[in-house]
Amino acid sequence: MKIAVFPGSFDPFTIGHESIVARALPLFDKIVIGVGVNERKHSLYPIEQRVAHIQKLYKDEPRVNVCSYNDLTIDLAKRVGAKFIVRGLRSVKDFEYERDVAAMNKRLGNVETILLLTEPEYASVSSSVVRELIHYGRDVKDFLPQTD
Ligand code: ADP
């Protein structure tokens, strides 16, 4: 079974993230969305809330699992039997960071990283911009996945 981990902070999970999951689903049998504790980032939503929210979004998609983790992504990949990591690329800045992390994950965990280019309409959508808008009381529903 071809399993991929999609790691991130997802603080919050945006339409950009949703698009990456949708585009990765045809490539893999199963996607594990790993909500990581990022020591370098100050979070808006508690990790349990982020996990619960994403689980709800994918409640009808049995090929998507969601979990939190607080170790290396390669350790999560090993635990869930994933040989692949999926990440999104919005910019050159993303690329430079992702290239280094991907090289390290290959070297230390023998895990291959698949980078999906953002769809142009989502290029400017980021969790950090959404957090900023929330902070200033703006409506962010256009940037978040639709829930029922
Ligand atoms: P991290 O803190 O690990 O960067 P994020 O939650 O910010 O986690 O992002 C998780 C992944 O989703 C990253 O690979 C990021 O590049 C990707 N991503 C975020 N927003 C978008 C978007 N609008 N289009 C494509 N990829 C995106």
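Start by selecting Phe10, which sits in the loop between E1 and H1. Helices (H or I, at least four residues) and strands (E, at least two) are DSSP runs, numbered from the N terminus. This is a predicted model, where local features need pLDDT of at least 70 and side-chain atom pairs count only at pLDDT 80 or more, while totals for chains, interfaces and linings use all residues. Residues are numbered from 1 along each chain as its sequence is written, and side-chain values use heavy atoms, with hydrogens and water left out.

**Stop 1**

Keep Phe10 selected and look at its backbone: phi is near 50°, a positive value in a residue other than glycine. Is Phe10 buried or exposed? With 2% relative accessibility, Phe10 counts as buried; the cut-offs are under 20% relative accessible area for buried, over 50% for exposed and partly exposed in between, using a 1.4 Å probe and protein chains only.

Now step along to Pro12, in that loop between E1 and H1. The peptide bond that leads from Asp11 to Pro12 is cis, and its omega is near 5°.

Thr14 is another residue of the loop between E1 and H1, and at 2% relative accessibility it counts as buried. Show its side chain and you'll see it reach the backbone nitrogen of Gly16 at 3.1 Å. That is a polar contact (a pair of N or O atoms within 3.5 Å; within protein, one must be able to donate a hydrogen and the other to accept it, and residues adjacent in sequence count only if both atoms are side-chain atoms).

**Stop 2: the aromatic rings**

How many aromatic pairs does a search of the whole structure find? It finds four. Rings of Phe, Tyr and Trp (its six-membered ring) pair if their centres lie within 6.5 Å; planes under 30 degrees apart count as stacked, over 60 as edge-to-face and the rest as tilted.

Take Phe10 and Phe13: the ring centres are 5.5 Å apart and the planes are at 45°, so this pair is tilted. Phe13 is in the loop between E1 and H1 and Tyr58 in the loop between helix H2 (47-57) and strand E3 (64-69), so the pair ties together parts that are 45 residues apart in sequence.

Phe13 counts as buried at 1% relative accessibility, and Tyr58 counts as buried at 12%. Phe6 belongs to strand E1 and is buried as well, with a relative accessible area of 4%. With Phe6 still picked, draw a line to Tyr122: they are 116 residues apart in sequence and 17 Å apart in space, C-alpha to C-alpha.

**Stop 3: the ligand**

Tyr122 takes you to the ligand. Select what surrounds it and you get 18 residues, the closest being Ser9, Lys41, Gly88, Thr118 and Tyr122; a residue counts as near if one of its heavy atoms lies within 4 Å.

Zoom in on the nitrogen atoms of the ligand. A polar side-chain atom of Thr118 is 2.9 Å from a ligand nitrogen. For Tyr122, a polar backbone atom is 2.7 Å from a nitrogen atom of the ligand. Val125 places a backbone N or O atom 2.9 Å from a ligand nitrogen.

**Stop 4: the largest pocket**

Switch to a surface view. The volume of the largest pocket is about 1300 Å³. On a 1 Å grid over the protein atoms alone, a pocket is an open set of points where a 1.4 Å probe fits, with protein on both sides within 12 Å along at least five of seven lines; lining residues have an atom within 4 Å of a point. Grid points are joined across faces, edges and corners, and a volume is the space filled by probe spheres set on the points.

Of its 48 lining residues, the closest to the centre are Gly8, Lys41, Arg87, Tyr97 and Glu98. Which element gives the largest share of the lining? That is H4, with nine residues.

**Last stop: Asn110**

Finish on Asn110, in the loop between H4 and strand E5 (112-117). Its phi is positive, about 50°, although it is not a glycine. Asn110 is exposed, with a relative accessible area of 52%.
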